[in-house]
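Walk through this model with the chain open in a viewer.

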Amino acid sequence: MTPVSVDSLSDPDPSRAGDERQRRSLLESPYLWAALAGLVLIPLMRPLLRFEPPPPPVIASLPEFALVDQDGDAFGREQLGGSVHVVGFVFTRCTTVCPFVTASLSRLAQRYDDAGDNRVKLLLVSVDPEHDTPEVLREFARTRELDPARWRLVTGDTDAVRRLVVEGFLVAMGEPEGSGGLIEIAHTGRLVLVDADGGVRGYYDTGEQGLDEVFHRSRTVASRVHRLRG
C-alpha cells in the first residue's frame, strides 16, 4: 500500500498545499520585509539625500544706479526687489545677436513658468539708450509678448547705462556705428546672473547648455535667498 502523507490528507490538492508553504516561507523571509521597507523609506529619505550644489560665489557687486523701465518707472538697486535676475544686453534696432538673446531668455522664461517658479526675474538692459526710450521698449516687449510680471526692460542716460554695464556688470558696451536702420553696437551676448542684493554671480552662454546651467544656478541662488530671508 502506498503511504499517505499528513499534508495530502489535510488538503486534497497537494500542489495547492505546496503553494501555501511557499507563500508562508516568502512572508517569513527577512529579505522581503527589507525590500518593502526600502520601497517605503527611500522616497521619504530622497529629499535628505539630494545633493544641492552651493550657489556660485559673488564676482562683483552692482553700484547704485538710476535708470527707468519700459513704463517709465524708476529702476535701480532698490527695484531689484529682492529677486534674483538673469540679465541680457540688447538694443531694439539690433539684427544680429540681440534677437537670439531675447529668444533664449524667452525659452528660459518658459522653463521658470513650467516649474512654477516666480522667484527669478528677467532683465533686458538697452545698450542703445538714446534710441530705446521707454515707449520703444514697451512696444518691443508687447510685440514679443514679454510678460511684465517676469520681465523688465531698462534704459536711461547714456553715461549712466554705460557705467552700469561696464563698471557694474563688467561687460563691454561699444558706441553706435552705422547709419539709418543699420546700427551696430558692440556688446556681450552672454547672460549675467545677479542675486537679490545686486551681486554678480556668473556669466552664461545663450546656447542650450548655458541656459540649462543658468536655470539651475539661478534657482539655487533664489532658494538660498528664500531660506535666509524666510
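Buried means under 20% relative accessible area, exposed over 50%, and partly exposed in between, with a 1.4 Å probe and protein chains only. By that rule Glu208 is exposed, because its relative accessibility is 54%. The model is predicted: local features need pLDDT of at least 70, side-chain atom pairs count only at pLDDT 80 or more, and totals for chains, interfaces and linings use all residues. Residues are numbered from 1 along each chain as its sequence is written, and side-chain values use heavy atoms, leaving out hydrogens and water.

Glu208 forms a salt bridge with Arg107, at 3.2 Å from N to O. The term requires a side-chain nitrogen of Lys or Arg within 4 Å of a carboxyl oxygen of Asp or Glu. Glu208 is in helix 7 (residues 208–229) and Arg107 in helix 4, 101 residues apart. Helices (H or I, at least four residues) and strands (E, at least two) are DSSP runs, numbered from the N terminus. Arg107 is partly exposed at 34%.

Asp212 and Arg111 also pair, with the closest N and O atoms 3.1 Å apart. Asp212 lies in helix 7 and Arg111 in helix 4, so this pair too ties together parts 101 residues apart in sequence.

Asp113 meets Arg150 at 2.7 Å, N to O. Asp113 belongs to helix 4, while Arg150 sits in the loop between helix 5 and strand 6. Arg150 is buried at 6%; Asp113 is partly exposed at 44%.

Eight strands form an open sheet in the order 1-10-9-4-5-6-2-3, with mixed pairing. Two strands pair if DSSP finds at least two bridges between them. Strands 1 and 3 stand at the edges with a single partner each, so one side of each lacks a neighbour in the sheet.
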